[in-house]
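Please read the following account with the chain open beside it, moving from the overall composition to individual residues.

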Amino acid sequence: YLDGNFEGEDSPDASFNSTVDTLYIGARNSPTEFFNGLIDETKFFSKELTSTEVSNLYNTGGISG
């Protein structure tokens, strides 16, 4: 989602292991392929959000209606 609008989806990387793999914010698969821009208001959730929850988050700041 970008500014509350659905931009597309990708399959989760089933090979990611949080105990040994590194998660890069603003980079693709390595720390040498950086995103050329700014990242603002990053949030992490312990579940996949529904489109309604994303819309609520964008409009009200929370995921519940």
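This is a predicted model: local features need pLDDT of at least 70, side-chain atom pairs count only at pLDDT 80 or more; totals for chains, interfaces and linings use all residues.

Residues are numbered from 1 along each chain as its sequence is written, and side-chain values use heavy atoms, with hydrogens and water left out.

Of the 65 residues in the protein chain, 9% are buried; here buried means under 20% relative accessible area, exposed means over 50%, and partly exposed lies in between, with a 1.4 Å probe and protein chains only. The chain exposes about 6,000 Å², of which carbon and sulfur atoms supply 49%, the areas coming from the Shrake-Rupley method with a 1.4 Å probe and, for residues, with only the protein chains shown counting as cover. Among the contacts (heavy atoms within 4.5 Å) with a separation of 6 or more, residues 24 or more positions apart account for 11%.

The helix, H1, spans residues 51-60, and its buried residues are Glu 53, Val 54 and Asn 56. Seen down the axis of H1, these buried residues fall within an arc of 160°, so they line one face of the helix; the arc is that of the directions from the helix axis to the C-beta atoms. The face turned away from this buried side carries the exposed residues Thr 52, Tyr 58 and Asn 59. After H1 comes Gly 61, whose phi is positive, near 90°.

Why does Glu 53 count as buried? Glu 53 has a relative accessibility of 14%, and therefore counts as buried. Leaving out residues up to four places away in sequence, Glu 53 touches Lys 47, Glu 48, Gly 62 and Ile 63. Its side chain also reaches the backbone nitrogen of Thr 50 at 2.9 Å, a polar contact being a pair of N or O atoms within 3.5 Å, where within protein one must be able to donate a hydrogen and the other to accept it, and where residues adjacent in sequence count only if both atoms are side-chain atoms.

The count of salt bridges comes to one, the rule being a side-chain nitrogen of Lys or Arg within 4 Å of a carboxyl oxygen of Asp or Glu. Lys 47 forms a salt bridge with Glu 53, with the closest N and O atoms 2.6 Å apart. Lys 47 is partly exposed, at 44% relative accessibility, whereas Glu 53 is buried.

Leu 49 lies in the segment before H1 and, apart from neighbours within four places in sequence, is in contact with Val 54, Leu 57 and Ile 63. Leu 49 and Ile 63 are 14 residues apart along the chain, and their C-alpha atoms are separated by 8.2 Å. Asn 5 also lies in the segment before H1 and is partly exposed, with a relative accessible area of 47%. Asn 5 and Val 54 are 49 residues apart in sequence, yet 8.9 Å apart in space, C-alpha to C-alpha.

On the surface, Ile 25, Phe 35, Ile 39 and Phe 44 form a nonpolar patch with about 460 Å² of accessible area together. Patches are made of residues with over 30% relative accessible area and no salt bridge, with like charges joined within 9 Å and nonpolar side chains (Val, Leu, Ile, Met, Phe, Trp, Tyr) within 5 Å. Phe 35 is placed in the segment before H1 and counts as partly exposed at 48% relative accessibility.

Definitions and conventions. Helices (H or I, at least four residues) and strands (E, at least two) are DSSP runs, numbered from the N terminus.
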